[in-house]
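Visitor: I'd like to learn how to read a model like this one. Could you take me through it?

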Amino acid sequence: MKQNFGDSGTVTSDIYITYQMGNTMNNNVILDVTDLHIEFHDHDKPETVVEDFDLMLEAGEIVGIVGESGSGKSMSALAIAGLLKRHALTKKGKIMFDGTDLLTCDRKTLRSYQGDEISMIFQEPMTSLNPVKKIGWQVEESLRIHHKEMDKAERKRRALKMLEAVGLNDLERPYDKYPHQLSGGQRQRVMIAAAMIAEPRILIADEPTTALDVTIQAQIVELLRKMNREKGTAIIFISHDLSLIRQICSRVIVMQNGNIVETGNVEEIFKRPSMNYTRKLIAAIPQIDLD
Amino acid sequence: MKRFLALFKKNTATGRRNTYLILGMAITGVVLLMVIIGIFYTPYSPTKMDSSAKLQGMSLKHLMGTDNMGRDVFSRVLYGSRITLAIATFTILLGAGVGTVIGALTGYFGGIADEITMRIVDAMLAFPSILLSLVFVSLFGTGTYQVAVALGISFVPSFARIVRSEFLRCKNMDYVEVAKLQGVSSLRIIFVHILPNTVEVLLSSVMIGFNNAVLAEAGLSFLGIGAQPPYASLGNMLSDAQGYLFNKPSYVISIGVVIVLMVLGFSFLGEGIKRISS
Amino acid sequence: MRYILKKALSMALTLIVVSFCVFLAFSLIPGDPVTRMFGTEATPELLAQYREKMGLNAPLIVRYFRWASAFVQGDLGTSYNYKIPVAGMIAEKIPITLTLAIMSFVIMVVVSIPLGIYTAKYENGLIDHIVSSLNQIIMAIPPFFSGILLTFFFGVVIKIFTPGGFVSYTKDVSEFLKYLILPAFAIALPKAAMATKLLRGSVIEEAGKDYTRTAYSRGNTTNAVLYLHVLKNAMIPVVTFMGMALADMVAGSIVIEQVFGIPGISRILLTSINNRDYPVVEAIIMGIAIMVLVVNFLVDIIYRIIDPRIEAGK
């Protein structure tokens, strides 16, 4: 706990280091999204929700996607995680991961990545966990699916370790608890533990702190940075909150109405936003967050 | 009434056909029409026996054939439907009437009276309605009126529950607060301000209630409790007809089908109304 | 454990209230047992003597305790009509009615759960449309009529069922069970239709919740999401319904026993109601009430097992 607060005092330098690490040590692209188009067909007229979306993610880096609600940031993220529902929409473009196009590959191949190589956490920690299953069972699930060679005891050992890593060790027997016995922040920690247990290469965090109050928000962001630092997991961090993005990301993609309007180094964009829209997003940040 | 009509308007506005509502109205309409016609005209007297025409099959002369005493089944069905429907209507009037008042008062005022009433209501709801009716019938005695009252009482709890929860939902809404500030009396708020807003829910419950009441009445009269000879409701007739299942199946089946149609009509109506209001 | 105790206590409390209500109701009926016992040959002296002897002059609450403690010890009173203990009259009938109700319950569960899951999984498919329409019709067919239809089809058309061929369980258990299959189906059909509809809706609703997306994000197959995640949640309302259905089935067998000529408690109950043989009616009603309460208690416990959110407090 103490360490967490110490860390958040030196936000900028930390980000700088992460950014540097991403560039110098691991110069390999693990995810390459090009020309992603998503169209909905719920109504009579098809509705484009994402257009010309490009994203290159390098191992171990944290990229932010920022935009207002409805800007297509969550849709892009869901598409990368392979979670867009199959009917009522069309998808075009390429999502290359490990030499496979996640957009066109068969479901079995897609599933073999989900939870093992690419994990996702969501905005609503209150409803994203299964209410009738024990925390331990849910945290272990990815191991059960992808690492069948592992025995029960080993899974449990790892789950407990993971629960400790996300800071749930102060809870009494978190493994045997049910979601309703936990607070929102604790549940999001469980989500992170479950997403990280198979040590994926990419973690997609879709507004992971929006539903939480500010102090918890900071703790979750810190936890994500810790995961990135210790496991080298690349993170796609989605938020409507530029100041949060600035705390955690090296690079940022700004989205509006399904299009990328600006992309680049977070600090650069903060200093010299080229688009009005980005300026608006920056202006929306309460002043105390700016240094 | 305006609200009631609005239900159908909303239906055409969305452009979606509400098959349940249409089918329900059609079936119930036909059944009601037959019952109304039956009041003024039946092809034969429902009680007139004809020893020369026993257990005949369906024909133009006897649409549903004749029974073991040579009586015209169709005429008897018209008559029996009227009794079944009358008892069901009485049941619903009593059940929905008393249930609404109890539900409205307990829901609006709350407090200890509410607690106690709801305990009793829950205890009653836990018991199958046919059993409850049997308890009351055994207390009141058998007979048409006794059965109607017994059924009515056993339908009170479910209506009380539904109306109470509607009142709990409505009682803190703005229009109630405004009425309170204007000094409108509690009773007026309950019955003039809130009650009309529960009409969709109440209407759909009434239809489902009708469906259950017809089933319950038919069940009780099938057991020989309820309408006593020479009156016969559909349940009695079905029970009589069962004995001739092997030599004249059309006799039993035509009566059964009428019961099914009656129930089906109401259940479709209930489902249809539920779909509009949600 | 504390939860079970609490529920058991509440069940006992309800039982006391219900039994008191039943006792009270039957005490309020005009005409006391003594008058009924002697009928026309009664003289005032004889009546007074017997009233004293049977303790009918004691206050209501005292009589209730006497009645209740006798009931607990298996003394259910004496039939007015047959002048024999009620317990003996209904003891051998209860297994028949209970077997019928349990068989219906099993049929309902076995039919509705797979159908509910299947129709939800293939929502708006051909089978879903067929099953949903059939359900709507089956729900409208009263069990006594579906019983007649089943008898007609299996007894007359394909001739594999002998109507009226009831065999007592004391003679041949398998023949007894075989005979009960059709009646059990007649009772189970409308309930199975309702349960299917309920489960279908419940699965579809649960499948739209956030946690299923989480489950997919971990690489679960559709079936794994359905069976490992959704189903347990979707069963919560269905369990409540099925508990109520079991109670209904006990009552429903009263009607069906008449249709199929099964000598369960139905016949005794109906003749007793018609003859105003109150001790018998009272005992049977109490018996069914106890069954209903025990079923509710069991449902509460199953509920607690599948839904951890239910705390001991509530």
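Visitor: How many helices and strands does chain C have?

Guide: Helices (H or I, at least four residues) and strands (E, at least two) are DSSP runs, numbered from the N terminus. On that basis chain C has 13 helices and zero strands. Before we go on: this is a predicted model, where local features need pLDDT of at least 70 and side-chain atom pairs count only at pLDDT 80 or more, while totals for chains, interfaces and linings use all residues. Residues are numbered from 1 along each chain as its sequence is written, with chains lettered from A and ligands numbered from 1 in the order in which they are written.

Visitor: What share of chain C is buried?

Guide: A residue is buried if 20 or more other C-beta atoms, placed from the backbone, lie within 10 Å of its own. In chain C that covers 39% of the 314 residues. The C-alpha trace of chain C spans about 85 × 55 × 30 Å along its principal axes.

Visitor: How many residues of chain C are in contact with chain A?

Guide: Contact means C-beta atoms, placed from the backbone, within 7 Å. Here 18 residues of chain C meet 23 residues of chain A. Helix α10(C) gives the most to chain C's side, with six residues.

Visitor: And which strands does β1(A) pair with?

Guide: Pairing takes at least two DSSP bridges between two strands. Strand β1(A) runs antiparallel to β2(A), with eight bridges, and a hairpin of six residues joins them. Leu36(A) sits opposite Phe53(A) in β2(A). Eight bridges also link β1(A) to β4(A), again antiparallel; there, Val33(A) partners Ile95(A).

Notes: Contact = placed C-beta atoms within 7 Å. Buried ≥ 20, exposed ≤ 12 C-beta atoms within 10 Å, placed from the backbone.
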